[in-house]
Amino acid sequence: MKSWSLRRTLLAVLLGLTLALWVGSAAIVYVEARRESQELFDQSLIETGHLLLSLVEKDAREHGLTEPIDLPLRGHPNPHQYLLFKVRDAQQRVLYRNDAASDIALSRSAPDGLSWTSIGGQRWRLFSLWDPQRSLQLLVAEPTSHRDDISRGFFYRIALFGLLLVALATIAIWWSIHRVFRVLQASADEVSARTPDELTDVHVHGAPSELHPLLLEINRLFGRVRHSRDNEQRFTADAAHELRTPLAAIKTNLQVLQRARSADEREEFIAALGASVERATRLVNQLLALAQLDPQSQAETALAPGDLAQLLAAQGTQWQALAAPYQLSLAVNVAPAPCALHADSLQVLLRNLVDNALRYTPAPGAIEIRCGVEAGRSYLRVADTGPGIAEQWHARVFERFVRLGGSQVPGSGLGLSIVRRIAERHGAQIILGAGLQGRGLAVTVVFPAT
């Protein structure tokens, strides 16, 4: 996808909007000003016509008129571009006229009042007025060049002011956008200058409030990356520490096997070597399972409607067969327990709970696997008659590589950590309590109500 510049887009949009608003406003102001000026010119022409006619009426009453009187326009550089007027009597004889109007015919049939006429190919404004007795008619004309000159000058002033305004708006908009993007660039430079191990929060101080959500989300992302990195480093360190023991045992058993003096000793050392390999294999499998369940490395598990009873019934016979070598009785009691589940991960959860119960319950003992519904919520419970877990250890046993002090059963300390991670993905709650016959341990996984 072709990249685009937010800076240029904002600058173009804001400048375009400013220019459009100014052009629209200037056009409205110019049209209104031109209309007002036309009205003022017309009003002045009307007042001039009334004044001239009143003067002519008075002069005609006092002296009478037999010959036309020409009134020169002294001092005007171009009298043909000034007011033209003629006064006629009822017989259409010219009584008064200015010298510019002597050779110009003004229409005798002009309507009373204001109208437009053409003189010498130029448009003129004409005003016709009769006295009350309709014995005298005044015709006064004004060229539109005066009006056009004023409108043109007003237009140029508006355009000059508009250009200045657009220039100032451009500077102001550019400065504002540059200031905002300077803060963005500063944040980008701060992030780009960091090393992969430097995941401290980006500074929010000084940034516009609109940028705070973005910067806060970046800081939250850094926080999740820090948490994931710390977990990975701790996981790697713990795994290396835990693998050192079975690998050392394998190495020792190999060295002892090489020095075996008889077939019986060789068989004994081979069995010990097999146990060490089995322990290392189990630890590696547990580590891989835990890594796959890490919330930072996997998407959320897709849950589907299902029933815990079907899951338990399908594996009940297999678990009973596993319990036989341990001289333990294993019972599976199922009742309908509908919930949203992910079958594969729940099988891993069950395998870890049952495996813990088998390895930590001394013979002869009992194990019960049960599911059902209590208080409107489906549950899954694995209970045994083993040593149980003291209450002060309930919070810590779900941490990785944590094993109870004094335990003689080999293990990795990852089983319950895997159980917790799977339960969290199902939104389920884990409850530790007393097991069978008032002793041992019961691990109950309570699922959300459907």
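Entry 1: I began with Cys371, which counts as buried because its relative accessibility is 3% (buried means under 20% relative accessible area, exposed over 50%, partly exposed in between, with a 1.4 Å probe and protein chains only). A note on what I am reading: this is a predicted model, where local features need pLDDT of at least 70, side-chain atom pairs count only at pLDDT 80 or more, and totals for chains, interfaces and linings use all residues. Residues are numbered from 1 along each chain as its sequence is written, and side-chain values use heavy atoms, with hydrogens and water left out.

Entry 2: How many disulfides does a search of the whole structure find? I got zero, taking a disulfide as a pair of cysteine sulfur atoms within 2.5 Å. For Cys339, the nearest cysteine sulfur is that of Cys371, 9.1 Å away. Cys339 is buried too, at 3% relative accessibility.

**Entry 3: two helices.** I turned next to helix 5 (residues 308–323) and helix 6 (residues 343–360), which pack at about 35° with their axes 11 Å apart. Helices here are DSSP runs of H or I with at least four residues, strands are runs of E with at least two, and both are numbered from the N terminus. Axes are lines fitted to C-alpha atoms, for helices over the stretch in contact, and angles run from 0 to 180 degrees between N-to-C directions. I then listed the contact (heavy atoms within 4.5 Å): helix 5 brings residues including Leu311, Gln315 and Trp319, and helix 6 brings others, among them Leu346, Gln347 and Val354. I sorted the contact residues into 11 nonpolar, two polar and no charged; Ala, Val, Leu, Ile, Met, Phe, Trp, Tyr, Cys and Pro count as nonpolar, Asp, Glu, Lys and Arg as charged, and the others, Gly among them, as polar.

**Entry 4: a glycine.** Gly415 sits in helix 7 (residues 415–425) and is buried at 8% relative accessibility. I checked Gly415 against Asp355: they are 60 residues apart in sequence, yet 8.6 Å apart in space, C-alpha to C-alpha.

Entry 5: I followed five strands through an open sheet of mixed pairing, in the order 8-10-11-13-12; two strands pair if DSSP finds at least two bridges between them. Which strands stand at the edges? I found strand 8 (328–333) and strand 12 (429–434), each with a single partner strand, so one side of each has no neighbour in the sheet. Strand 12 pairs with strand 13 (residues 441–446) in the antiparallel sense, over six bridges.
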